[in-house]
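Work through the following exercises with the sequence and the model side by side, and try each task before reading its solution.

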Amino acid sequence: MAKASEADLREGLVDVMQAMDARGLNRGTSGNVSARLEGGAMLVSPSGVPAARLEPQHMVLVRADGSTPAGALKPSSEWRMHRQLLAARPDVNAVVHCHSRYATTLACAGRPIPPLHYMVAVAGGADIPIAPYSTFGSAELGAGVVETLAGRYGALMANHGQIALAPRLDLALAIAEEIEEQAAIYWGTLMIGGPTLLSAAEIDVVLQRFAVYGQGSRSAEDR
Ligand SMILES: [Zn+2]
């Protein structure tokens, strides 16, 4: 995969933050996104700046030791979780976190999303699990999310929201959008008696079809 420059990543992070706003995944300043840089560093969106006002230079460089350059904005309160995920997952380069309505509804009800639609598998497994609750911004929250996401690309976060990760920013955004769509569908089926679930064997077939992840050969939006 061609390495994106820091300047490209700064623009990409602004694009994703604004796309989350435009597509209703987020409101106000609650979402945050990050991208991997060389040497254990990352770029993360800043704390408290509405998406519409974000500019590439606002993205905060967080070094491997957790420090930021003099004059940088304050990084998102969830920067530790982003750093923990990028450190634990060399297979991904981008993390998208948001409080989208249906995903957060299910996360607050303690309901992981079961295999009710084949696109659940876009998050890397037969369901979309829920990471345990810890206070926002805490290292415990990040540790729980890392553990829940082992081998996965997306999860709900108990009493909080959802998180998606991928080799590229645009793919991470597409997974977050799909998680929200699956959450809305699940919520809808619960209103009319509950979903009819796919079998484990059928989900395995879909997971194999999706297994081209990391080879840069497909877009999560081309299905
Ligand atoms: Zn959050």
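The expected span of a helix is 1.5 Å times one less than its number of residues, where helices (H or I, at least four residues) and strands (E, at least two) are DSSP runs, numbered from the N terminus. This is a predicted model, in which local features need pLDDT of at least 70 and side-chain atom pairs count only at pLDDT 80 or more, while totals for chains, interfaces and linings use all residues. Residues are numbered from 1 along each chain as its sequence is written, and side-chain values use heavy atoms, with hydrogens and water left out.

**Exercise 1. Describe the salt bridge of arginine 10, and then two others.**

Side chains of opposite charge can pair when their charged atoms come close. A salt bridge is a side-chain nitrogen of Lys or Arg within 4 Å of a carboxyl oxygen of Asp or Glu, and by this rule the count comes to five. Arginine 10 is bridged to glutamate 6, with the closest N and O atoms 3.0 Å apart. Because these two residues lie four residues apart in helix α1 (residues 6-22), they are separated by about one helical turn. Arginine 10 is buried at 15%, whereas glutamate 6 is partly exposed at 33%.

Among the others, aspartate 91 pairs with arginine 89 at 2.8 Å between the closest N and O atoms; aspartate 91 is partly exposed at 35%, and arginine 89 is buried at 9%. Arginine 168 and aspartate 170 meet at 2.9 Å, N to O, with arginine 168 partly exposed at 27% and aspartate 170 partly exposed at 43%.

**Exercise 2. Is glutamate 78 buried or exposed, and which residues does glutamate 78 touch?**

Locate glutamate 78 in the loop between β3 (60-62) and α2 (79-88). Its relative accessibility is 3%, so glutamate 78 counts as buried. Not counting residues up to four places away in sequence, glutamate 78 touches Asn32, His97, Phe136, Gly137, Leu141 and His160.

Conventions. Buried means under 20% relative accessible area, exposed over 50%, partly exposed in between (1.4 Å probe, protein chains only). Contact means heavy atoms within 4.5 Å.
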